[in-house]
Amino acid sequence: MALGFFVTLKALVQNEQGIASGLLELGRSAPERLALFGMAAAALVGTGVFLFRLRSSVRFVVGLFCFALAIRLIWVASVPTTPVSDFEFMFNMAVKAARGDFSFTEAPYYVRWTYQLPFTLYEALVIKLFGAHPLPLKVLNAFWQSALAGIVYALGRALFGDRAGRAAGLVYALYPSTISTVSVLTNQHPADFFFYLAFCFFLCDLRLRERPRAIATGLALALGELFRPYGPLVLPVIAFFGLFRAAFVWLSSERSASEKRFWPALRKAVIPLETTAWVLIVFWLVTSAAGLALNAAGVTPYSLKSHDPYWKFVVGLNPASSGQYAEEDLRRFADLPTLQAQLEVEKALVLKRLLDVDALLPLFWRKFCILWGSPDATFWWNHGVHRPALEAALKAAERAAFLFVTASAFVGLVLGMRRQDGRGPWPDGRMLLLWIVLGYAAVHLVIEIQVRYRYFALPTLSILAGAGLVTVTRALRRAGEPSARRGGSCGETGYAGKTHPEQSVKER
């Protein structure tokens with residue numbers, strides 16, 4: 001996070017002239033727009049403060065959802081866009097599917113990357129109901145994002161306390177990229193929602209017993225996986241977290257050679273393993289059933305996975321393109337007669353690039369800087385919009401927001417680790433989210449990157465930022481109080497507050 005902050009700061013300085021010229025263009029073409037942006041920002045911040053101070057958590061969640069949805073619907077209505085690249089292709093194929101034509105599933109795209117088919121069918125269902133226009137899909141994207149803001153609040157509340165959760169939900173709702181990307185027809189919107197819903201089931205106290213909670217977690221993970229395959233990263237982390245919790249319970253329990261104490265301690269240690277096993281079983285059952293159903297219906301004869309597993313590594317390990325998509329890699333395999341022949345060449349190329357250590361380490365650094373430090377690429381994906389002034393303003397706002405969020409998240413992470421009191425029978429649930437984000441960053445050192453891929457980490461960064469903001473504001477407020485009025489414990493910061501992540505969160 002600290003590296004991301006400084007990389008972003010460096011990129012902002014390097015792009016300062018371009019951003020400034022765009023804003024100056026905005027000022028020259030329409031000075032009143034600058035004032036309008038200022039008033040809009042003030043209105044957004046004022047509304048956020050009003051929501052933050054609501055006493056009822058239920059009212060806050062409803063208000064947060066409506067607030068986030070209104071912002072995104074205004075964006076969709078104000079910035080009309082047309083799909084581009086893979087998004088355009090999948091939308092056109094979804095139009096065919098809505099008409100009952102599934103011949104497109106034999107196209108090379110869906111033969112190689114069959115996992116994209118469920119998202120295409122989701123788009124087809126929406127097109128069937130509302131017509132062949134991108135607008136209903138964009139509106140649904142706004143709903144996914146707004147609901148995810150509520151999940152961010154729930155996770156932040158469970159892990160750091162109510163005030164930190166509120167701050168986290170508002171940070172995510174107001175983050176510029178989460179607003180502008182609702183116009184992009186990407187599978188990230190529903191996938192991110194379901195994966196973080198699964199984390200919510202897994203980490204929050206929802207008054208569910210272990211088995212129903214595990215089943216709900218596995219079901220949400222499976223639905224997210226059908227939209228976008230984060231599973232190969234998330235599932236191993238969840239499995240390791242379950243083992244970690246079991247070991248923690250076993251080592252911290254009172255046990256002796258006597259059977260009276262040994263077996264109760266063992267049963268307690270087995271509970272996390274059983275929960276994790278149910279998550280994995282439900283995930284496998286649902287994803288397998290979905291693939292078999294599509295096979296049985298004659299939609300596709302292929303399993304819902306990538307049948308070209310080396311491609312992401314071919315692109316990600318290309319030093320010439322800094323791990324981003326390059327036409328040269330595509331042309332390299334264009335003349336090969338079969339997919340199997342292409343896989344053999346791809347495998348050899350991946351091994352060759354992995355063994356080139358001199359080029360590998362600089363490549364990793366460049367990829368890290370691009371993924372976590374480059375300006376948002378929303379306007380590239382929002383094809384059909386030619387508003388340089390708006391693009392410059394959005395880019396400046398996103399860069400400032402990313403610096404703010406990463407700095408706040410770093411504070412939340414450092415203080416959270418330092419002030420954690422370890423109460424309760426479970427390791428802290430924030431470890432899971434942190435491990436997932438760190439694993440996500442590590443994996444993208446070797447596979448293809450795009451700037452929009454960092455969106456998956458934004459909910460976790462928002463949660464940590466909420467914790468950091470609440471901690472800093474409370475410290476500043478206490479610093480201004482007379483010394484006689486200071487003292488007490490950490491209070492409601494959530495680090496050592498009234499609520500442990502695995503205990504009830506009834507705080508209002």
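How many salt bridges does the structure hold? The structure, which is a predicted model in which local features need pLDDT of at least 70 and side-chain atom pairs count only at pLDDT 80 or more, while totals for chains, interfaces and linings use all residues, holds five salt bridges, a salt bridge being a side-chain nitrogen of Lys or Arg within 4 Å of a carboxyl oxygen of Asp or Glu. Residues are numbered from 1 along each chain as its sequence is written, and side-chain values use heavy atoms, with hydrogens and water left out.

Arg-157 pairs with Asp-162 at 3.6 Å between the closest N and O atoms, and both residues are buried, where buried means under 20% relative accessible area, exposed means over 50%, and partly exposed lies in between (1.4 Å probe, protein chains only). A second salt bridge joins Glu-274 and Arg-211 (3.0 Å, N to O); it links distant parts of the chain, since Glu-274 belongs to helix H14 (residues 259–296) and Arg-211 to helix H12 (residues 210–227), 63 residues apart. Helices here are DSSP runs (H or I, at least four residues), numbered from the N terminus. Glu-274 is partly exposed because its relative accessibility is 34%, and Arg-211, at 43%, is likewise counted as partly exposed.

Glu-448 and Lys-312 also meet in a salt bridge (3.2 Å, N to O). Glu-448 lies in the loop between helix H21 (430–443) and helix H22 (458–479), whereas Lys-312 lies in helix H15 (residues 311–316), so the pair ties together parts that are 136 residues apart in sequence. Glu-448 is buried, with a relative accessible area of 5%, while Lys-312, at 27% relative accessibility, is partly exposed. Salt bridges with shared partners also join Arg-157, Asp-162 and Arg-166 into one network.

Leu-221 is in contact (heavy atoms within 4.5 Å) with residues including Phe-195, Phe-199, Val-234 and Phe-283, when residues up to four places away in sequence are not counted.

In helix H18 (residues 357–373), the 17 residues should span 24 Å at 1.5 Å a residue, and the end C-alpha atoms are 24 Å apart, which agrees; the expected span is 1.5 Å times one less than the number of residues. Among the buried residues of H18 are Leu-360, Phe-364, Lys-367 and Trp-372.

Terms used:
Helices (H or I, at least four residues) and strands (E, at least two) are DSSP runs, numbered from the N terminus.
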